[in-house]
Amino acid sequence: KAPPPPADDQAKGKGKAPAPPPAKGKGKEGPPPAEGKGKSKGKAPPPKAGAKAKAAAAGLNKESADAKAKREMSKLKPLGWQKLSHAEEGTLWARGLADGFEVSRSMLEHIFAWGKKHNSKFAVATDSTEEAKRCLTTSARAMGIYIGISSLRHIPPFQVREAILTLDSARLSPESTELLLACDVKSGQPTVLPTPEEVAAAKAFIESGDPYDTLDEASKFLVAVHDVPNLRDRLMLHRFRACFGSCIADIKNALSTMRGALLEVRHSESFAAILQIILKIGNLLNDGTSRGGACGFRICTLPTLSQLKQSATMEESSTPANSGPSTLTLVDHMVSEIHKQCPKLLGVTEELAIVREAARIELDDVGKNIQQLRADLRRISASACAQKRKHQETSEGDGECADGDAGDIFETMAPKFVESAEGQLSDMDMAHQQAIETYIDVSTWFGEKKDAKP
């Protein structure tokens with residue numbers, strides 16, 4: 001039998017024998033275990049761990065840079081929609097995004113920035129080349145001007161100026177003129193025509209000698225029209241020339257409709273008979289009360305007839321079991337009784353054919369429209385006369401005329417047009433007065449007070 005191996009040889013085996021105590025396993029004859037190497041040399045990170053840390057740090061720096069860049073961008077107002085996460089084959093969205101259509105983020109930031117205002121100083125423009133253009137007004141005003149001149153975008157600004165000076169209806173349509181004359185609903189200030197501050201800015205720009213092409217579209221328009229004499233009154237005259245005839249026709253039609261409806265009500269025998277029936281029913285309903293024994297009633301009572309509904313007990317007894325809920329009103333009852341006893345009275349709608357249309361007309365509003373037209377026309381005439389006097393004084397003083405003053409069509413056309421229009425407005429005044437007199441006559445016929453409001 002071979003003798004057992006020494007203790008040191010057992011320690012050098014393949015690990016099947018139990019490991020010796022730590023104090024005894026560190027002999028000089030064998031290398032220390034692998035685990036002992038890390039412990040004896042400290043806690044230095046392994047090479048692979050160091051590479052991972054560097055990569056993580058680099059990623060963190062990149063994320064920080066991206067986050068910083070996003071923070072520097074203006075936050076845009078979100079568009080509320082229901083997003084499709086997948087474009088199904090065969091649908092519109094499977095075609096992809098609109099090719100050839102560029103979307104400028106800087107423009108979106110300028111218009112739809114959320115919270116803090118964007119620092120960009122350019123105004124609204126048609127494309128990215130306009131971003132660096134100079135603006136002579138605020139961004140909000142530039143937006144309004146740009147929208148107002150959209151229908152004239154195909155005409156260069158100085159040709160627009162020429163069209164306004166000559167009141168050229170071929171280039172200035174009624175729609176374009178209306179947009180140029182638009183005013184803010186709250187402040188009443190013009191949204192397109194230059195303000196005094198913008199006129200001063202346009203003059204300063206011209207005096208500076210800077211190139212005209214450095215301006216954005218809105219500012220080019222301001223520079224072109226800032227010195228047009230009586231700009232607003234000139235455009236109002238142009239609008240009146242195009243639309244005055246239709247305005248007069250509308251007023252005439254409204255007055256004619258109102259007067260015709262009043263005469264229909266006054267002479268309708270069926271309507272008078274129905275009012276007598278209402279009076280009889282009303283006295284029965286009000287019998288024993290202070291409202292009973294009436295000799296008549298105010299016409300304003302008629303809308304309340306549909307508000308008087310049948311009682312709950314009557315509703316239950318008169319409603320079939322298989323039918324839905326049905327509530328009869330006094331009007332329903334009257335129609336039923338008139339149909340049984342006097343069916344001819346149901347033809348009252350033929351006798352009052354235009355009353356429904358006339359019910360939408362207010363005589364006071366028609367009168368106010370006539371007065372407003374007259375005030376606008378007189379202001380235009382006064383502006384034309386003042387310009388003519390100024391032109392004559394300038395001509396007598398030095399014989400020179402400012403651009404656009406000599407032979408200005410506004411000076412000659414405005415007084416003639418206003419004189420003709422005044423005659424038509426006088427006719428409308430007479431028609432309006434006739435309608436009021438007819439209203440008073442009909443009101444008196446029905447027992448209303450003579451000073452009742454039309």
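Biologist: Arg141 is found in helix α5, residues 139–148. What makes a stretch count as a helix?

Modeller: A helix is a DSSP run of H or I with at least four residues, numbered from the N terminus. This is a predicted model, where local features need pLDDT of at least 70, side-chain atom pairs count only at pLDDT 80 or more, and totals for chains, interfaces and linings use all residues. Residues are numbered from 1 along each chain as its sequence is written, and side-chain values use heavy atoms, with hydrogens and water left out.

Biologist: Why does Arg141 count as buried?

Modeller: Its relative accessibility is 17%. Buried means under 20% relative accessible area, exposed over 50%, and partly exposed in between, with a 1.4 Å probe and protein chains only. So Arg141 is buried.

Biologist: Which residues does Arg141 touch, leaving out those up to four places away in sequence?

Modeller: Pro190, Thr191, Val192, Leu193, Pro194, Thr195 and Glu198. Contact means heavy atoms within 4.5 Å. A polar atom of the Arg141 side chain also lies 3.3 Å from the backbone oxygen of Thr191.

Biologist: Where is Leu167, and what is its phi?

Modeller: Leu167 lies in the loop between α6 (157–166) and α7 (174–180). Its phi is near 55 degrees, a positive value in a residue other than glycine.

Biologist: Is Leu167 buried or exposed?

Modeller: At 4% relative accessibility, Leu167 counts as buried.

Biologist: Why is Asn230 called partly exposed?

Modeller: Asn230 has 28% relative accessibility, so it counts as partly exposed. Asn230 sits in the loop between α9 (217–225) and α10 (231–267). Its phi is positive too, about 50 degrees, although it is not a glycine.

Biologist: What makes α11 oblique to α13?

Modeller: The axes of α11 (residues 269–285) and α13 (residues 330–341) come within 12 Å and cross at roughly 120 degrees. That angle makes α11 oblique to α13. Under 35 degrees counts as roughly parallel, over 145 as roughly antiparallel, 65 to 115 as roughly perpendicular, and the rest as oblique.

Biologist: Which residues meet between α11 and α13?

Modeller: Ile274, Ile277, Ile278, Ile281 and Leu285 in α11 meet Leu330, Met334 and Ile338 in α13.

Biologist: How does the span of α17 compare with the expected value?

Modeller: α17 (residues 409–445) has 37 residues and reaches 53 Å from its first C-alpha to its last. That is close to the 54 Å expected at 1.5 Å a residue.

Biologist: What caps the N-terminal end of α17?

Modeller: Asp408 does, with a side-chain oxygen 3.0 Å from the backbone nitrogen of Phe410. Just after α17, Gly447 takes a positive phi of about 80 degrees.

Conventions
Helix = DSSP H or I, 4+ residues; strand = E, 2+ residues; numbered from the N terminus. Polar contact = N/O pair within 3.5 Å; in protein donor to acceptor, adjacent residues only side chain to side chain. Expected span 1.5 Å × (residues − 1). Axes fitted to C-alpha atoms, helices over the stretch in contact; angles between N-to-C directions.
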